Amino acid sequence: MFEIDAKDQYYRDLNDMVRAAVDKGEKEISLKNVNGQYYIATGLRGKLDLSVEGVPGNDLSAFMDGPTVTISANAQDNIANTMNAGKIIIHGNAGDVLGYGMRGGKLHIRGDVGYRVGIHMKGVKRQSPTIIAGGTAGDFFGEYMAGGVLILLGLDSPENSSIVGDYLGTGMHGGAIYIRGPVEQKYCGAEVGVIDTDAEDKKVLEKLLKEYCADLNLDYDSVMSRPFKKLIPVSSRPYGNLYAY
Amino acid sequence: MFKSQAPPEYRATIDTDKCIRCKRCIQNCGWSVYDWGGDRVQIETSKCVRCLRCYHYCPTEAIEILKEETRFKENGYWSYNHIRNIKRQAETGGIPLTGMGCDREGTILFDHLMLDACQVTNPSIDPLREPMELKTFLGKKPSKLEFTKGKDGKRKLATKMPPNLELAAPIIFSPMSYGSISLNAQKVLARTAKECGILMNTGEGGLHEDLKPYTSNIIVQVASGRFGVNPEYLNAGVAVEIKIGQGAKPGIGGHLPGEKIPLEVAKARMIPVGTDALSPAPQHDIYSIEDLRQLIYAIKETTNYKPVSVKIATVHNVAAIASGIVRAGADIVYLDGFRGGTGAAPGIIRDHLGIPIEHALAAVDDRLRQEGIRNEASIVAAGGIRSAADAAKAIALGADCVAIGTAALMTMGCTLCGKCYTGNCSWGITTQRPELTVRLDPEVYAVRLSNLIRAWVHELMEVLGALGVNAIESLRGSRERLRGVGLDAQTLDMLGVKPAGR
């Protein structure tokens with residue numbers, strides 16, 4: 001374990017130190033006393049573990065390609081912006097616009113998330129991103145979704161309460177959103193259909209949520225104790241009729 | 001059968017006496033206007049867009065594409081397009097889509113600006129026989145230079161120079177994505193950029209494997225859809241451009257219609273085949289100058305501080321916005337005027353939003369000078385640059401270089417038919433249909449585009465020679481070398497240009 005003390009470090013110096021450690025071949029790096037520094041693990045590539053103690057600043061793991069980042073506290077906005085591969089585990093809550101344009105890898109959040117989380121996620125067969133949030137989400141969850149999987153659990157919410165914001169999945173044209181508990185159509189974008197999960201979905205959920213529970217020390221069976229709803233795009237071309245050619 | 005009240009725009013005709021029944025028109029038309037009728041070519045004229053591919057490939061000049069005469073009654077107020085759009089909208093309820101730049105008539109400021117020349121009191125320069133420098137550097141310039149004395153007593157530069165892009169001429173290619181144009185069209189741009197020592201721009205559609213040999217002449221783009229963006233991509237080119245807006249469609253996002261998304265493009269963009277590739281109108285992580293700064297520096301952190309360009313459409317408050325962009329840390333501000341081209345834009349947006357590049361350029365250059373930050377970023381002017389004359393005038397108004405898109409596509413055959421959004425381009429430019437894209441041989445057309453750049457370079461040199469200066473740097477922002485003809489006092493004041501005769 002290679003330790004870096006982030007106390008009073010400017011973000012550029014801190015990230016230079018992280019990159020230097022990665023270049024030296026360190027595979028386990030621990031950042032202590034992090035306090036709002038931007039761009040931690042941004043553009044970082046390769047297989048390594050980075051643990052963050054404290055609250056990291058915006059744009060954590062933007063464009064990241066491979067590493068696993070663990071955050072013991074809350075995290076801020078724009079995490080996993082256009083992330084390509086790797087994993088981020090957040091033990092607390094996280095802010096707005098998480099996983100914007102995410103292309104691959106996993107974002108596991110124990111707590112609540114803010115507005116516009118998982119927007120414009122995309123995926124092709126082999127490369128597909130996943131975001132799982134354990135709490136509730138703000139408006140525009142999964143907006144413009146083109147691929148990948150979004151899961152919202154509401155673990156701390158009472159049964160039958162709404163855990164989503166407005167405009168859920170609006171503009172969705174690919175991918176899938178799973179919501180634990182009921183979803184009212186009035187919260188969904190016009191391009192979204194709400195269906196029950198089938199055996200195939202259960203397989204998908206089992207694989208993803210077992211890993212999530214292992215990362216965050218949660219009991220898989222109690223996570224699965226409520227039924228899930230699945231949100232899918234009603235059309236792969238929601239705005240096809242909007243234009244006169 | 002319901003007959004559309006929006007009649008065909010053009011009438012394709014074949015002189016049956018001249019026609020030798022070679023069927024080349026049938027093969028060449030991407031729109032299926034022609035079909036074989038057993039003994040002669042049949043014509044379905046409603047499909048014709050007047051792209052003139054058939055005309056150019058007819059060996060006997062038998063084809064003529066006419067403006068449809070039987071149409072609406074002429075009216076000085078209700079134009080043909082007004083009436084036709086109402087008819088189409090009544091039938092479809094849709095937003096009329098357009099391709100290429102705004103084609104409306106109206107004052108074109110470039111045409112009202114005249115460049116200066118030397119007579120008697122100072123000598124002009126003969127560019128054919130004397131050195132003439134067009135080399136251009138894009139990026140931040142230091143506000144002062146510091147030197148130290150080395151051990152050998154020689155002076156050495158102590159100031160750390162910010163990264164700059166070196167261009168052999170003040171012309172680059174505007175961003176056009178794989179998807180909006182064919183891979184072959186991108187290859188033409190890439191080859192030419194390399195050949196001519198200038199730059200092309202990937203647009204927002206990823207960097208195709210085949211373009212990798214040209215990356216030292218490529219700017220990669222990041223826009224709101226984040227198509228094709230990963231760390232490898234960001235580091236592949238010489239600079240990264242953040243696209244906020246496009247001159248042809250200020251305030252709205254990208255729109256690549258499903259017709260142009262076959263498997264290859266879908267894979268590059270990581271979206272389903274045949275869906276519309278939508279880039280959101282805003283980048284939802286940028287709602288302020290501070291947010292823009294955050295993305296600029298996220299990219300710089302990822303690329304070890306390569307230059308970052310920010311592209312915006314020229315809108316009313318462009319000067320203040322550009323100032324913010326420079327203060328946010330951009331190395332290049334790319335201004336795209338309302339005449340700028342597009343693969344697909346709602347007509348209402350293309351034709352009615354934004355301001356001309358000439359005004360924007362003058363306003364931005366003024367503002368950055370007033371604030372003392374003009375050296376902090378280079379300005380690229382785009383949006384309707386039609387000739388080396390436009391380029392010279394743009395540079396005199398304050399641009400560091402110009403970007404061309406439509407003009408470059410015209411060397412590949414584009415005839416400005418404006419139907420890029422349909423994906424049927426008979427010239428193989430704005431289509432992904434393999435039988436059409438194969439027509440555009442990158443090797444052949446790179447020669448033509450290189451010829452155009454070389455010709456413009458010579459023209460610029462001629463202009464500089466006439467102006468009596470020997471470097472493009474001496475014309476840059478030199479509005480004293482421009483005069484306005486037929487422009488009102490306020491327009492001249494906004495442009496910072498004197499009227500002719502004064």
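User: In this predicted model, in which sense do strand S4 and strand S5 of chain A pair, and over how many bridges?
Analyst: Strand S4 of chain A covers residues 65-71 and strand S5 of chain A covers residues 85-90. One of the bridges joins A:Thr70 to A:Ile89 in S5(A). The two strands pair in the parallel sense, over 5 bridges.

User: Which strands stand at the edges of the sheet in chain A?
Analyst: The sheet is open, has 11 strands with mixed pairing, and runs in the order S1-S2-S3-S4-S5-S6-S7-S8-S9-S11-S10. An edge strand here has a single partner strand, so one side of it is left without a neighbour in the sheet. In chain A these are S1 (2-5) and S10 (192-196).

User: What angle does the direction of helix H1 of chain A make with that of S1(A)?
Analyst: Helix H1 (residues 11-23) of chain A packs on the sheet and touches S1 and strand S2 (28-35) of chain A. Its direction makes an angle with that of S1(A) of about 170 degrees.

User: How many residues of the contact of H4(B) with H14(B) are nonpolar, polar and charged?
Analyst: H4(B) contributes residues including B:Lys187, B:Val188 and B:Arg191, and H14(B) contributes residues including B:Tyr445, B:Leu449 and B:Ile453. The residues of this contact divide into 7 nonpolar, 3 polar and 3 charged.

How values were computed: Residues are numbered from 1 along each chain as its sequence is written. Chains are lettered from A and ligands numbered from 1 in the order in which they are written. This is a predicted model: local features need pLDDT of at least 70, side-chain atom pairs count only at pLDDT 80 or more; totals for chains, interfaces and linings use all residues. Two strands pair if DSSP finds at least two bridges between them. Helices (H or I, at least four residues) and strands (E, at least two) are DSSP runs, numbered from the N terminus. Two residues are in contact if their C-beta atoms, placed from the backbone, lie within 7 Å. Axes are lines fitted to C-alpha atoms, for helices over the stretch in contact, and angles run from 0 to 180 degrees between N-to-C directions. Ala, Val, Leu, Ile, Met, Phe, Trp, Tyr, Cys and Pro count as nonpolar, Asp, Glu, Lys and Arg as charged, and the others, Gly among them, as polar.
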